[in-house]
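Have the structure open as you read.

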Amino acid sequence: MPSPVTLKQLKLFESVARLGSYTRAAEEAHLTQPAVSIQLKHLDETLSMPLFEKVGRTFFLTEAGELLLRHARIIIEGFETLEAEIDELKGIRRGRLRISVVTTVNTFAPDLLLTFQQRYPEISIILDVANHKVLLKRLLDNDVDLVIMGRPPETLDLEIHAFLENPLVIVAHPKHRLALRKNLEPSALVEDTFIMREPGSGTRSAMERFFAEKNLNFITSMEVSGAGALKQSVQAGLGLGLMSRDAVRMELDAGLVVELDVKGLPIQRHWYLVHHKGKRLSPPAQAFKEFVLGEASVMLREKRS
Ligand code: PGA
């Protein structure tokens, strides 16, 4: 007799359908790829219908798969609402909080989390770090409670709260030929090489916009993933980097990199706390939202001055 369908199988099925890959679904669930295949095989057997068909290397949902996906999403969402309501019964002191931050924010997120966790030691926090584009997808897939990132597009169904200034600057190795120059024209930089963030990075888009608005082209020496790799590459002298001052604050203070004095910089942006408009925030998520928009923004501003 086939075993009953489990919530775990539905969640794995939903991620394979969403991500289009067993491997990526396995990574997301922190499982091995064979473990995911076994669970989905059980699901196929229980429903006695194939859910996916494979054409070349690509998966497609069968009609039964499409039907199951619709119902799986309703069940998963219902279960999350149930968890949130149970957390509500327990009050904000317990429960789970899923936060995602862009790589740059990861330089100050641990400070925020430390203060929050001292206040609510029984809330368990799952922190995930990725770039702007990946986080937008997580928000739209309702895969996270709250996100801290640069400004997301207005057109999406998101609630967006600015809570802190995020100046973007150009940094260089301290021995760079322009390190001591004042009031540089942006055109003075076009002969230098820049290290570029990966596609999907909000910092990269801001850099492309800055030069495009000035009708200037820039030369890229290499591309790196994440704010940490960018600042280390600048520090090693591999090229100039345009990035959030927040990401290099310690290195600037220690004299490991310098900020170039360029007209039109810093680019004035903000950090935003974002969640899906339809998201029912659990009490821990609501408490974290209030903490970030109130006390945390004051605390971070004080640290900067
Ligand atoms: P990212 O973050 O460059 O790591 O994507 C900045 C942003 O969200 O704008």
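## The largest pocket

Let's begin with what surrounds the largest pocket: helix H1 (7–19), helix H2 (22–28), helix H4 (63–90), strand E3 (95–102), strand E4 (123–130) and helix H6 (132–140) each supply at least two residues of its lining. Helices (H or I, at least four residues) and strands (E, at least two) are DSSP runs, numbered from the N terminus. H4 gives the largest share, ten residues.

This is a predicted model, where local features need pLDDT of at least 70 and side-chain atom pairs count only at pLDDT 80 or more, while totals for chains, interfaces and linings use all residues. Residues are numbered from 1 along each chain as its sequence is written, and side-chain values use heavy atoms, with hydrogens and water left out.

The largest pocket has a volume of about 1,700 Å³. Of its 46 lining residues, Glu80, Arg98, Asn142, Asp143 and Val144 are the closest to the centre. The lining divides into 13 nonpolar, nine polar and 24 charged residues (Ala, Val, Leu, Ile, Met, Phe, Trp, Tyr, Cys and Pro count as nonpolar, Asp, Glu, Lys and Arg as charged, and the others, Gly among them, as polar). Domain 1 (1–89) and domain 2 (93–163 + 270–305) both give residues to this lining, so the pocket lies between them; the domain bounds come from an automatic or database domain assignment.

A word on terms: on a 1 Å grid over the protein atoms alone, a pocket is an open set of points with protein on both sides within 12 Å along at least five of seven lines, whereas a cavity is a set where a 1.4 Å probe fits but cannot get out; lining residues have an atom within 4 Å of a point. Grid points are joined across faces, edges and corners, and a volume is the space filled by probe spheres set on the points.

## The second largest pocket

The second largest pocket comes in at about 310 Å³. Among its 14 lining residues, Thr107, Phe108, Asp111, Asp246 and Arg249 are the closest to its centre. Helix H9 (245–253) gives the most, with seven residues. Domain 2 and domain 3 (168–259) both contribute to the lining, so this pocket lies between them.

## Two cavities

How many cavities of 30 Å³ or more are there? The count comes to two.

Phe288 is one of them, and three come from helix H5 (109–119), the largest share.

## Ring pairs

Phe288 turns up again in an aromatic cluster with Phe116, Tyr120 and Phe291. The whole structure has eleven aromatic pairs. The ring centres of Phe116 and Tyr120 are 4.9 Å apart and their planes are at 50°, so the pair is tilted (rings of Phe, Tyr and Trp, its six-membered ring, pair if their centres lie within 6.5 Å; planes under 30 degrees apart count as stacked, over 60 as edge-to-face and the rest as tilted). Both residues are buried, meaning under 20% relative accessible area with a 1.4 Å probe, protein chains only.

Technical notes. Buried means under 20% relative accessible area, exposed over 50%, partly exposed in between (1.4 Å probe, protein chains only).
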